[in-house]
Amino acid sequence: MDIIKEANGKDLLIKICGRLDTNSAPQLEQAVFENTQGVENLTFDLKEMPYTSSAGLRVFLKAQKLMNKQGDMHVINACDDVMEVFEITGFSDIINIE
């Protein structure tokens, strides 16, 4: 999995390229928590992420809890398979998915 970070003032865009699973979730979690100080708008671009496991969902949940304290979080470009996981697990009710 590759993580591409694009910061612009108080906005941070994180693009995830590849599968988000037990092996790669710690890498994403580290990227989120090392780069969100002072960030008010966090956006995850999932255009190139075909799969997420429960470990990946846990990272999104932790990121949402963090951003609830300091701003907003959005998920964009989720593929149908990932969107189905968000819907089945109820994450689509707690995360702003566009």
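**Stop 1**

Select E87 first: you'll find it in helix α3, residues 80-89 (helices, H or I with at least four residues, and strands, E with at least two, are DSSP runs numbered from the N terminus). Keep in mind that this is a predicted model, where local features need pLDDT of at least 70, side-chain atom pairs count only at pLDDT 80 or more, and totals for chains, interfaces and linings use all residues. Residues are numbered from 1 along each chain as its sequence is written, and side-chain values use heavy atoms, with hydrogens and water left out.

**Stop 1: the sheet**

Now show the strands. What order do they have in the open sheet? The 5 strands go β1-β2-β3-β4-β5, with mixed pairing (two strands pair if DSSP finds at least two bridges between them). At the edges sit β1 (2-8) and β5 (96-97), each pairing on one side only.

**Stop 2: β3 and its neighbour**

Select residues 41-48, strand β3, and residues 72-76, strand β4: the two run parallel, joined by 5 bridges. Click N41 to meet its bridge partner in β4, D72, then L42, whose partner there is M73.

**Last stop: β5**

Finally, β4 also pairs with β5, in the parallel sense, over 2 bridges. Pick H74 and look opposite: there's N96 in β5.
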